[in-house]
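Good morning, and thank you for joining this meeting. I ask you to keep the sequence and the model in view while I speak.

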Amino acid sequence: MKYAIVTFGCRVNQAESMRMEEAFLARGGMATAAADADLVVVNTCSVTASADQGARQAIRRIARDNPASRIVVTGCYATRCEADVAALPNVVRVVRNREKDTLVERVTDGDGPCGAAIEPGVAGRTAFTLRVQTGCEERCAYCIIPSTRGGGRSLPIDDVVREVTRVSAAGFKEVALTGVHLGSYGRDLPSPWTLIDLLRALERMDADVVFRISSLEPMDCTPAIVDLVASSGGRFAPHFHLPLQHASDRMLAAMRRPYTLDDYRRLVDAVHARLPDASIGSDMIVGFPGETDEDFGANVDYLPSSPLTHLHVFPYSDRPGTEASSMREKLDGITIRDRGMQLRQIGAGLTRRFHASQSGTTRRALTLEDGSLVVTDNYLKIRIPPGLPRNQRVMVQIKEDGATLRGVVFSEP
């Protein structure tokens, strides 16, 4: 059977799609483009209305380009709007998030022939994205994900260690740890484990793996986690993603975010002081209901002088069933668009500043794609001369070349 997987959204979706890839391959499946596949899995996101629209457009395009295809849809949009998704062309099945882990067994017949094992390069991925937690107990006013993912559920530490051992033996040299609310790891387990317990267990492993910690809520990024990353000798990449969402305390309270700007400022300043070359990304929402010029101005005042290195900017989008969807004082689309453009320009400036600060430095890196691209430990994508294979560790000296970062490989670490 020829299959394709189309993935939208977060790293948790990416991790789940990788597991589906592995299951299809083990059953003798052959990965191909959606236009040539017998079966296409569309793994959807529903964080914004545009995410819903993107999934619908993709499904219609696949059905138009490949009329014989059977389309299976899963993910948050499929869970939230099951009937609407089921009515789209060529959709033969909708699999809710709770059943996603067994999707391949549900849509294939029997055990199938013995197929290939997963390895670096499958689905274009050199690093392995490992979901160690899913679900969320928080109730941010704008977020639909708790209702599409359910309550928090963690993979026990021993199971995580076994999984890392397995993917390391398969050749993966980098593992990204991800979760819907990663910082809540362990709260649901019988023993009182926490995220730092998991990270310390991984640090002790005798596996040739570098770990990246995926997005952490600011209140969950503790000094112990920062210290562990700083003292790990490269076992944990100096790369943080800490969503601020807004620099106005009034907006943070309306969003039901459990911290203030001063809390966040102290956190990222401490990360930067401890790890001055670390990348520190953030998410920002523009146009939340009731956002005034003064509220938006707090973003403009804070962000340029912050140690952040890149921004993901999201226009506010009503999600039916959330607290924010029933709020008054909704902003018009033009204002939201203009404010989004302003923050993206600020984000571009932060990225340029970070790139300039890294020019002339030498970083550990991993080769991607055909070996002419690397990702550094601090999450810079660097072009290098061709000639190296994918998934090789190197040391790269970084140089700015206009708007592009290029590197010279001079040794392996």
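I begin with helix H2, where Ala51, Asp52, Gly54, Ala55, Ala58, Ile59, Ile62 and Ala63 are buried. Buried here means under 20% relative accessible area, with exposed over 50% and partly exposed in between, for a 1.4 Å probe and protein chains only. Seen down the axis of H2, these buried residues fall within an arc of 165°, so they line one face of the helix. The arc is taken from the directions that run from the helix axis to the C-beta atoms.

Before I continue, a word on the source: this is a predicted model, in which local features need pLDDT of at least 70 and side-chain atom pairs count only at pLDDT 80 or more, while totals for chains, interfaces and linings use all residues. Residues are numbered from 1 along each chain as its sequence is written, and side-chain values use heavy atoms, with hydrogens and water left out. Helices (H or I, at least four residues) and strands (E, at least two) are DSSP runs, numbered from the N terminus.

What covers the buried residues of H2? The cover includes strand E1 (2–7), strand E3 (39–44), strand E4 (70–75), helix H3 (76–80) and strand E5 (91–95). Contact means heavy atoms within 4.5 Å. As for length, the 17 residues of H2 (residues 49–65) should span 24 Å at 1.5 Å a residue, and the end C-alpha atoms are 24 Å apart, which agrees. The expected span is 1.5 Å times one less than the number of residues.

Is Thr367 buried or exposed? Thr367 is buried, with a relative accessible area of 0%. Not counting residues up to four places away in sequence, Thr367 touches several residues, among them Thr126, Leu373, Pro389, Asn391 and Gln392. The side chain of Thr367 reaches the backbone oxygen of Pro389 at 2.6 Å and the backbone nitrogen of Gln392 at 2.7 Å. A polar contact is a pair of N or O atoms within 3.5 Å; within protein, one must be able to donate a hydrogen and the other to accept it, and residues adjacent in sequence count only if both atoms are side-chain atoms.

Asn391, one of the residues that Thr367 touches, lies in the loop between strand E15 (381–383) and strand E16 (393–401). At 12% relative accessibility, Asn391 counts as buried. Most residues other than glycine have a negative phi. Asn391, although not a glycine, has a positive phi of about 70°.

Gln245 also has a positive phi, of about 75°, and is not a glycine. Gln245 sits in the loop between strand E10 (239–241) and helix H10 (249–254). With a relative accessibility of 7%, Gln245 counts as buried.

Arg212 is buried, with a relative accessible area of 2%. Which side chain does the side chain of Arg212 meet in a polar contact? The partner is the side chain of His239, at 3.2 Å. Leaving aside neighbours within four places in sequence, the residues in contact with Arg212 include Glu174, Ala237, His239, Asp377 and Tyr379.
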